[in-house]
Amino acid sequence: MKIYCMSDIHGCLAEFEEALALIREHLDEPDTMLVLLGDYIHGGADNYGVLDRIMELQYQYGSEKIKALMGNHEDFVLLGFSTINDMMRTLEEEQGTDGEDDKNMRWMEQLPRVPLLYRRNGTGQWKDSCSHG
């Protein structure tokens, strides 16, 4: 089985599409899977576009072939610490999303959470090895 992985898309739809173009023809093969490792939002200009594209891929190929996992940025939104479009705003501060957030939040709620792995950093303390830095 061929497994392609992508992570940290962070709202960069054009770059995501470029990466998808490299593997698109392989997604039609029965022994191929794409695993998306989270952090689909916060950073680029098209957070909603990235989420919509991932949902389209899952609809087209099935969620068994296109696996999307929850990243910490999706978790921030579900916990109410940020919005889909702005990491520094809370849902209470966001105005007028016309139900777009509801659709995307329902999708994010079903994303599998992967247990965090911990490692010792240079000081002997345990550090979350899934976070940046």
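Mentor: This is a predicted model, so keep that in mind as we go. Let's start with a pair of residues: Leu34 has Ile66, in β3, as its bridge partner.

Trainee: How do you know that β2 and β3 pair?

Mentor: Pairing needs at least two bridges between the strands. β2 and β3 are joined by three bridges and run parallel, so by that cut-off they count as paired.

Trainee: What is the strand order of the sheet?

Mentor: The order is β1-β2-β3, in an open sheet with parallel pairing. Neighbouring strands are turned by 20° against each other on average, ignoring direction.

Trainee: Why are β1 and β3 said to stand at the edges?

Mentor: Each of them has a single partner strand, so one side of β1 and one side of β3 have no neighbour in the sheet.

Trainee: Which helices lie against these strands?

Mentor: α1 packs on the sheet and touches β1, β2 and β3, with its direction at about 170° to that of β1. α2 lies across β2 and β3 and runs at about 140° to β3.

Trainee: Where does α1 bend?

Mentor: At Ala21, by about 45°; the helix covers residues 13-27. The bend is the angle between axes fitted to the seven residues ending there and the seven starting there.

Trainee: Which residues of α1 are buried, and what covers them?

Mentor: Phe16, Leu20, Ile23, His26 and Leu27 are the buried ones. Their cover includes β1, β2, α2 and β3. As a general point, an α-helix has 3.6 residues a turn, so residues three or four places apart point the same way.

Trainee: What makes a group of residues a nonpolar core?

Mentor: The members must be buried residues of the nonpolar kinds, joined through side-chain atoms within 4.5 Å. Here the largest such core has 26 residues, and Phe16, Leu34, Leu36, Tyr40, Ile54 and Trp107 have the most contacts inside it. Two or more residues come from each of α1, β2, α2, β3 and α4, and α2 gives the largest share, seven residues.

Trainee: What does Phe16 touch, leaving aside its neighbours within four places in sequence?

Mentor: Phe16 is in contact with Met6, Ile9, Leu36, Val50, Arg53, Ile54 and Leu57.

Trainee: Why is the pair of Tyr40 and Trp107 called tilted?

Mentor: Their ring centres are 6.1 Å apart and their planes stand at 55°. Rings pair if the centres lie within 6.5 Å; planes under 30 degrees apart are stacked and over 60 edge-to-face, so what falls between is tilted. This is the one aromatic pair in the structure.

Trainee: Where in the chain do its two members sit?

Mentor: Tyr40 is in the loop between β2 and α2 and Trp107 is in helix α4, 67 residues apart, so the pair links distant parts of the chain. Both Tyr40 and Trp107 are buried.

Trainee: How do you know whether Asp39 and His42 are buried or exposed?

Mentor: Buried means under 20% relative accessible area. Asp39 has 4% relative accessibility, so Asp39 counts as buried. His42 has 8%, so His42 is buried too.

Conventions:
Residues numbered from 1 in each chain as written. Predicted model: local features only at pLDDT ≥ 70, side-chain atom pairs only at ≥ 80, totals over all residues. Heavy atoms only, no water. Helix = DSSP H or I, 4+ residues; strand = E, 2+ residues; numbered from the N terminus. Buried < 20%, exposed > 50% of the residue type's maximum accessible area, 1.4 Å probe, protein only. Contact = heavy atoms within 4.5 Å. Axes fitted to C-alpha atoms, helices over the stretch in contact; angles between N-to-C directions. Phe/Tyr/Trp six-rings, centres within 6.5 Å; stacked < 30°, edge-to-face > 60°.
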